[in-house]
Amino acid sequence: MKYSLLDVAAVAPDETPADALHGAVPLARAAERSGFHRVWYAEHHNMPQIASAATSVVIAHVAAHTEKIRLGAGGVMLPNHAPLLIAEQFGTLAALHPDRIDLGLGRAPGSDQNTMRALRRTPHSADSFPDDVLELQGYLSGRTRIPGVYATPGNGSNVPLYILGSSLFGAQLAAALGLPYAFASHFAPAALDAALQTYRAEYRPSEEHPEPYVVAAANVIASPDEQNAQEQYQAALRWRARRFLVRGRDLSDQDLDALLDSPTGYEMKSMMRHTAFGTPEQVHKQLTTFAERTRADELMLAPASTRREDRLQTVELIEAPTD
């Protein structure tokens with residue numbers, strides 16, 4: 001079992017995006033010390049709370065300040081980009097940091113509808129996602145699908161590809177292409193079991209991946225004190241309630257807790273049902289149970305605390321399994 005880290009360079013209310021981006025390096029270094037396999041950065045747009053929009057730039061910065069941990073996108077929303085440009089970006093990263101770069105691919109806009117238009121996407125952009133993946137794969141493998149067009153850098157770099165998803169579509173595509181599959185169960189757990197079952201049942205072995213490979217995501221909060229971990233978890237729920245349920249309204253913590261206990265709040269809390277929190281021993285036990293249930297080859301852990309120092313402590317306290 002491998003532990004990996006998902007970082008969105010979260011921007012706290014009293015921070016700037018620069019603060020959040022500078023915080024990505026110590027978090028990645030902590031993951032490296034704790035034996036994590038990789039760190040992924042997620043592409044989101046027009047979200048003041050998230051600073052990881054330019055994933056390839058963040059990866060380059062963190063790679064220059066770490067030694068061996070793998071780094072990648074979790075993911076690049078491919079319909080936002082030309083496959084050739086992504087091949088060149090990640091081919092450049094792979095040339096500068098050999099055997100350390102991954103590329104997870106998603107088809108969502110990573111934004112709202114207005115931002116989607118600002119990105120020059122149309123409502124039908126996602127329809128070409130399977131073909132875009134194949135085109136990108138061709139550039140990276142050295143077997144271009146566009147005659148006479150090659151990615152430089154990138155051509156023949158074989159940057160490992162992963163399909164990201166939260167529905168059966170991504171599971172079916174990853175299975176058909178013989179690629180590893182990462183499920184976003186840290187915020188969209190509803191289809192987890194069905195998607196993994198579909199992926200494994202329909203998997204077509206490829207030369208690079210003769211067996212299916214599953215990455216399952218979970219939120220995580222670790223503290224030496226169990227009560228403190230519980231408080232961090234409640235603060236994380238309130239943060240989501242403020243962001244998704246009462247945007248623009250100033251409610252007290254007590255009011256937010258009451259909202260979270262309502263049917264509307266319960267639905268939102270269910271989005272975080274796969275959250276391990278408590279002391280390091282309790283977290284490891286919960287993650288082991290989750291891994292056994294999903295039969296995942298790797299767990300992608302998203303630190304859920306609202307304060308950066310608490311997210312850093314979580315990563316420092318959770319040492320990855322050595323076997």
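## Arg240 in helix α9

Arg240 is part of helix α9, which covers residues 226-244. The model described here is predicted. Arg240 is buried but forms no salt bridge. The nearest side chain of opposite charge belongs to Asp7, 12 Å away.

Apart from neighbours within four places in sequence, the residues in contact with Arg240 are Asn219, Leu245, Met268, Met272 and Ala304.

## Helix pairs

Helix α9 also packs against helix α10 (residues 253-260), with the axes 10 Å apart and an angle of about 85°. Angles of 65 to 115 degrees count as roughly perpendicular, so α9 and α10 are described that way. On the α9 side the residues that meet α10 are Gln234, Leu237, Arg238, Ala241 and Arg242. Their counterparts in α10 are Asp253, Leu256, Asp257 and Leu260.

A second pair is formed by α4 and helix α3 (residues 55-64), whose axes come within 10 Å and cross at roughly 5°. Because angles under 35 degrees count as roughly parallel, α3 and α4 are roughly parallel to each other. Thr55, Ser56, Ile59 and Ala60 of α3 make this contact with Gln89, Phe90 and Leu93 of α4.

## Helix α6

Helix α6 runs over residues 129-141.

The buried residues of α6 include Phe129, Asp132, Val133, Glu135 and Leu136. Towards the end of the helix, Gly138, Tyr139, Leu140 and Ser141 are buried as well. Among the elements that cover these buried residues are α4 (83-96), β4 (101-106), β5 (161-165) and α7 (168-177). After α6 comes Gly142, which has a positive phi near 90°.

## Salt bridges

There are 12 salt bridges in the structure. One of them joins the side chains of Arg38 and Asp102, at 2.5 Å from N to O. This pair links distant parts of the chain, since Arg38 lies in strand β2 (residues 38-41) and Asp102 in strand β4, 64 residues apart. Arg38 and Asp102 are both buried.

Lys269 and Asp261 form another salt bridge, at 3.6 Å from N to O. Lys269 has 24% relative accessibility and so counts as partly exposed, whereas Asp261, at 63%, counts as exposed. A further salt bridge connects Arg307 and Glu309 at 3.2 Å, N to O. Arg307 is partly exposed, with a relative accessible area of 46%, and Glu309 is partly exposed, also with 46%.

Key
Residues numbered from 1 in each chain as written. Predicted model: local features only at pLDDT ≥ 70, side-chain atom pairs only at ≥ 80, totals over all residues. Heavy atoms only, no water. Helix = DSSP H or I, 4+ residues; strand = E, 2+ residues; numbered from the N terminus. Expected span 1.5 Å × (residues − 1). Buried < 20%, exposed > 50% of the residue type's maximum accessible area, 1.4 Å probe, protein only. Contact = heavy atoms within 4.5 Å. Lys, Arg positive; Asp, Glu negative; His and termini not counted. Salt bridge = Lys/Arg side-chain N within 4 Å of Asp/Glu carboxyl O. Axes fitted to C-alpha atoms, helices over the stretch in contact; angles between N-to-C directions. Parallel < 35°, antiparallel > 145°, perpendicular 65-115°, else oblique.
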